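Reader: Hey, I've got this one open on my screen and want to talk through a pocket and a bit of the surface. Can you walk me through it?

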Amino acid sequence: LYVATNNHVFEGANSLTVTFANDDTVSAEIKGTDPSTDLAVVKVALSSIKDDTMSEIKVATLGSSDTLKVGESCIAIGNALGYGQSVTTGVVSALNRAIASDGSQNVQMGTDTEVNTFIQTDAAINPGNSGGALLNIHGEVIGINSNKIGGSTVEGMGYAIPISDAKPIIENLMTKQTRLKVNEDSKGYLGITGIDVVAEYSEIYGMPQGVYVSSVTEGTGAAQAGLVKGDIITALNGEEIKSMEELKNELSYYAAGTTVELTIMQGSPTGYQAKTVQVTLGSAPIQQQ
């Protein structure tokens with residue numbers, strides 16, 4: 001059973017559970033995430049769902065956000081403030097509302113800012129509504145609510161990811177291999193220290209955005225793979241890396257002894273050149289007492 005939600009709902013979590021309408025709770029796994037659009041898919045094994053619970057589950061019918069008109073009625077479903085299932089109503093206030101990936105509505109053109117467009121509604125969307133469905137009057141899903149965007153300084157302005165934009169991303173995430181984080185004792189390490197190359201520095205200094213390798217520990221997997229100070233890590237096994245936090249999160253899925261593929265950018269007289277290297281992860285260094 002697949003459940004679509006927001007990535008920020010469980011970002012950084014080590015374990016997941018899903019609670020159904022009859023209050024039955026089962027374990028779940030992350031199937032795939034897309035932080036840039038704040039979308040994610042969670043997988044629940046059918047074998048873990050009781051028959052009486054399964055009989056209560058209804059598969060959502062997806063509508064189209066492409067045909068929406070301003071002023072249409074809509075319904076937001078969620079778990080507002082964690083009190084339990086909640087329903088709020090309103091209208092579609094605006095379409096294609098541009099909001100930056102950091103949640104800011106003040107989008108400055110020409111600044112290389114990642115911008116997504118959203119459905120704006122005056123249906124109340126509060127903490128706990130994130131990942132819930134925005135429905136039309138026919139009960140079809142037209143958006144996925146997100147409390148992360150828009151801020152809390154105004155009233156009557158909630159936002160949802162348009163379902164027509166979300167659907168192909170969700171379908172792609174459903175095909176990804178299910179991953180589980182490994183135990184802290186088994187977690188693999190590259191053997192580097194790194195500094196974020198944020199978008200601002202990337203633009204000023206002409207450096208790729210990613211993790212700048214500030215040092216490499218001798219004898220580690222990174223050193224054996226040829227990484228050196230000055231390399232910039234931009235992806236791990238095809239997953240884009242823009243910060244040290246993202247790199248550490250990706251590494252949390254791989255045990256020591258696993259070989260991963262890093263995409264790095266290396267400086268040259270003609271600029272940065274992309275290169276892929278295979279790195280066998282090591283164990284955490286033993287702390288001296």
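Reader: How many residues line the second largest pocket, and which lie nearest its centre?
Author: This is a predicted model. In it, 45 residues line the second largest pocket, and V3, A4, V18, G131 and G132 are the ones nearest its centre.

Reader: Which elements give two or more residues to that lining?
Author: Those are the strands β1 (2–5), β2 (16–19), β4 (39–43), β5 (73–78), β8 (133–135) and β9 (141–146), plus the helix α2 (163–174). The largest share comes from α2, with 5 residues.

Reader: And how much space lies in there?
Author: About 2000 Å³ for the second largest pocket.

Reader: What's the lining like by class?
Author: It has 25 nonpolar residues, 15 polar and 5 charged.

Reader: OK, switching to the surface. Which residues form the nonpolar patch?
Author: V198, Y201, I204 and Y205, and together they have about 430 Å² of accessible area.

Reader: Where's V198?
Author: V198 is in the loop between β11 (192–197) and α3 (199–205).

Reader: Why does V198 count as partly exposed?
Author: Because its relative accessibility is 34%, and partly exposed covers the range between buried, under 20%, and exposed, over 50%.

Reader: Last one, S73. Where is that?
Author: S73 is in strand β5. With a relative accessible area of 40%, S73 is partly exposed.

Reader: What separates the C-alpha atoms of S73 and S93?
Author: A distance of 9.5 Å, with the two residues 20 apart along the chain.

Note on methods
Residues are numbered from 1 along each chain as its sequence is written. This is a predicted model: local features need pLDDT of at least 70, side-chain atom pairs count only at pLDDT 80 or more; totals for chains, interfaces and linings use all residues. Side-chain values use heavy atoms; hydrogens and water are left out. On a 1 Å grid over the protein atoms alone, a cavity is a set of points where a 1.4 Å probe fits but cannot get out, and a pocket is an open set with protein on both sides within 12 Å along at least five of seven lines; lining residues have an atom within 4 Å of a point. Grid points are joined across faces, edges and corners, and a volume is the space filled by probe spheres set on the points. Helices (H or I, at least four residues) and strands (E, at least two) are DSSP runs, numbered from the N terminus. Ala, Val, Leu, Ile, Met, Phe, Trp, Tyr, Cys and Pro count as nonpolar, Asp, Glu, Lys and Arg as charged, and the others, Gly among them, as polar. Patches are made of residues with over 30% relative accessible area and no salt bridge: like charges are joined within 9 Å, nonpolar side chains (Val, Leu, Ile, Met, Phe, Trp, Tyr) within 5 Å. Accessible areas come from the Shrake-Rupley method with a 1.4 Å probe; for residues, only the protein chains shown count as cover. A salt bridge is a side-chain nitrogen of Lys or Arg within 4 Å of a carboxyl oxygen of Asp or Glu. Buried means under 20% relative accessible area, exposed over 50%, partly exposed in between (1.4 Å probe, protein chains only).
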